[in-house]
Amino acid sequence: MDFEPTLLRAFVAVCETGGFTRAAQRLHLTQSAVSHQIRRLEEQVGRQLLYRTTRKLTLTEDGEDFLRHAEQILQGQEALTRRFHSSTASGAIRLGVPENFIGDRLPQLLGRFARQYPAVRLEVSVSVCLDLRAKVDAGELDLAVAITRSDATGGIVLRQTQFVWAAAETFKRPQNSSMPFALSPPPCALRAMAIEALTASGIDWHVGFTSANQHGLRAAVQAGLAVSIFSQEEIEPWMTVLDGNDGLPPLPEAKYVLISKQGDRMPCAAELGRLIVDESRFWPNSSAGHERVRLTAI
């Protein structure tokens with residue numbers, strides 16, 4: 001039997017985003033239109049592909065097998081498009097992204113962009129301690145996702161978040177000694193935010209661990225060596241959030257914004273920015289918390 005690519009794309013979108021509403025946003029359709037496409041697909045297959053409850057969607061065993069084949073078909077169609085109708089755009093786009101903003105969706109986004117613009121070279125800088133806004137202003141990056149305070153202006157807001165102090169549940173504050181913190185080296189927006197809050201509070205503190213990546217900071221915190229700063233959506237079960245009851249000052253609300261180089265830009269750079277804005281709606285935020293987006297089989 002022949003399956004319409006439109007139906008296959010709707011099914012894959014529902015599986016990747018975890019629901020009809022988000023799939024409809026990605027496909028620029030109504031939720032009822034996506035639901036209708038899934039019903040048509042299941043009628044054509046003659047099997048139930050999704051198990052629906054009031055709380056979530058889950059792939060059936062047939063749905064898991066169908067998803068694998070649907071992805072292969074769509075990838076093959078994309079390969080044909082690239083081979084015979086690929087974009088003629090060429091050059092390089094320099095993108096900067098904070099390490100704590102990547103998640104598991106950015107690689108998918110970059111992969112789609114690379115398939116659409118095979119002759120464009122992507123140069124991606126990922127770091128928790130780079131001043132990405134300064135690099136865009138200096139012309140060293142074409143696009144960047146930057147962390148700013150909620151009251152800052154400029155850029156396209158991708159998501160709001162609240163940063164908090166966190167430590168391992170086993171962490172014990174040293175008696176008669178300053179409190180140790182794990183921070184990234186400068187320049188780092190989070191380090192600056194943390195130091196500003198600590199300095200204004202007047203508490204006794206020191207930087208006891210420095211790492212240029214999130215893995216190092218998490219390792220120090222998990223080992224009980226120090227306290228660090230994390231967004232609420234990054235808090236894990238083994239962490240405990242510290243606040244004023246623990247003698248720590250509040251941290252400001254912040255936001256992730258997409259900023260771009262001023263002046264002439266390649267059209268494909270604008271397209272990459274559009275993809276980031278669209279996909280940011282599916283990334284976790286501080287109000288929604290973590291969720292597993294990819295459906296699993298039952």
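Colleague: What volume does the largest cavity have?
Modeller: About 50 Å³. A cavity here is a set of points on a 1 Å grid, over the protein atoms alone, where a 1.4 Å probe fits but cannot get out. The volume is the space filled by probe spheres set on the points, which are joined across faces, edges and corners. The model is predicted: local features need pLDDT of at least 70, side-chain atom pairs 80 or more, while totals for chains, interfaces and linings use all residues. Numbering runs from 1 along each chain as its sequence is written, and side-chain values use heavy atoms, without hydrogens and water.

Colleague: How many cavities of 30 Å³ or more are there?
Modeller: Two, from a search of the whole structure.

Colleague: Which residues line the largest one?
Modeller: Among them are Val 128, Cys 188, Arg 191 and Gln 214. Lining residues have an atom within 4 Å of a point.

Colleague: New topic. How are the rings of Phe 11 and Phe 66 arranged?
Modeller: Their centres are 5.5 Å apart and their planes at 80°, so the pair is edge-to-face. Rings pair if their centres lie within 6.5 Å, and planes over 60 degrees apart count as edge-to-face.

Colleague: Is Phe 11 buried or exposed?
Modeller: Buried, at 0% relative accessible area. Buried means under 20%, exposed over 50%, partly exposed in between, with a 1.4 Å probe and protein chains only. Phe 66 is buried too, at 13%.

Colleague: Which residues form an aromatic cluster?
Modeller: Phe 3, Phe 11 and Phe 66 form one.

Key
On a 1 Å grid over the protein atoms alone, a cavity is a set of points where a 1.4 Å probe fits but cannot get out, and a pocket is an open set with protein on both sides within 12 Å along at least five of seven lines; lining residues have an atom within 4 Å of a point. Rings of Phe, Tyr and Trp (its six-membered ring) pair if their centres lie within 6.5 Å; planes under 30 degrees apart count as stacked, over 60 as edge-to-face and the rest as tilted.
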